[in-house]
Amino acid sequence: AESTKMVHAAVDSLSGCVLALGEACQYPRSYFNELNLTVNNDDEIEVERNDVRDVARTVCSLDSGVVNDASPSLLVLERIINACGDAIRRCIGDNALPHETAVHILSALAKPLNKLATLYKENPFHKGRIVMISALTSLGSINEKVSDSFESMSMSDTLPISRLACMATASYSPMMSALVEVIHGTGGEGDTQLCSSLKRTIMVSLRQAILSSAVIPELVAESTLSSSRYDI
């Protein structure tokens, strides 16, 4: 019982730390203002954001031997994804774009999620399935809201979220590929919730990527990071 309390305390501390770090390094509100897009990139912010992504991936690495429902790293991954999902749902419920920090952290978790999908393909287990469905649902909600916001919101509002959403979609593709194999494997077609979550997320994510490319063509142009803030 005492060891269980220690695990839960560690999970709370690590997940809370990642979320706090993500909040601390969010882009300033005017960072993507149209008048500032020709200004040189802020290297300090970008380095900090990369460091936070590394921290998030490390605490959820799933590299400590056998991974199961009680694995601390999986519990941390679940806690962070659920927190991001809650923040995203609140924003969408208020008819606002998803919070940039939540999208940033969610996109950073692609590596452990891809590893989880590989493990799940070899040996399906309950919590692994729940965590991946939660991540897919949040990604789908982000992309759907961004797609619906292009006509009503300024580019300075949609650019940072669209950029991160595109990164997340691309980074999650190994997980999606592994889950397609699971669904087409023996008995996998019976998991209707996983199948519908995956299908919906792929459809809305591809739509968002196509719309983003049309509305913000700089997202898929040659990088100009040394001279502007347009970069993917």
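**Close-up views of a predicted model**

**View 1. Asn143 and Thr169 are joined by a polar contact of 3.3 Å between their side chains.** A polar contact is a pair of N or O atoms within 3.5 Å; within protein, one must be able to donate a hydrogen and the other to accept it, and residues adjacent in sequence count only if both atoms are side-chain atoms. The model is predicted: local features need pLDDT of at least 70, side-chain atom pairs count only at pLDDT 80 or more, and totals for chains, interfaces and linings use all residues. Residues are numbered from 1 along each chain as its sequence is written, and side-chain values use heavy atoms, with hydrogens and water left out. Asn143 sits in helix α6 (residues 126-149). Helices (H or I, at least four residues) are DSSP runs, numbered from the N terminus. The relative accessible area of Asn143 is 0%, so the residue is buried. Buried means under 20% relative accessible area, exposed over 50%, partly exposed in between (1.4 Å probe, protein chains only). Leaving aside residues up to four places away in sequence, Asn143 touches Ala165, Thr169, Val204, Ser205 and Gln208. Contact here means heavy atoms within 4.5 Å.

**View 2. Helix α7 (residues 155-171) packs against helix α8 (residues 173-183).** Their angle is about 40°, and their axes are 5 Å apart. That makes α7 oblique to α8. Oblique covers angles left over once those under 35 degrees (roughly parallel), over 145 (roughly antiparallel) and 65 to 115 (roughly perpendicular) are set aside. From α7, the contact uses Thr169, Ala170 and Ser171. From α8, it uses Ser173, Pro174 and Met176.

**View 3. Glu100 and Arg49 form a salt bridge between their side chains (2.5 Å, N to O).** A salt bridge is a side-chain nitrogen of Lys or Arg within 4 Å of a carboxyl oxygen of Asp or Glu. Glu100 belongs to helix α4 (residues 100-108) and Arg49 to helix α2 (residues 43-59), so the pair ties together parts 51 residues apart in sequence. Glu100 is buried at 11% relative accessibility. Arg49 is buried too, at 3%.

**View 4. A salt bridge also links the side chains of Lys127 and Glu78 (3.1 Å, N to O).** Lys127 is in helix α6 and Glu78 in helix α3 (residues 72-93), 49 residues apart. Lys127 is buried, at 18%. Glu78 counts as buried at 17%.

**View 5. Lys121 meets Glu181 in a salt bridge (3.3 Å, N to O).** Helix α5 (residues 110-122) holds Lys121, and helix α8 holds Glu181, 60 residues apart. Lys121 is partly exposed at 37%. Glu181 is partly exposed at 44%.

Technical notes: Helix = DSSP H or I, 4+ residues; strand = E, 2+ residues; numbered from the N terminus. Axes fitted to C-alpha atoms, helices over the stretch in contact; angles between N-to-C directions.
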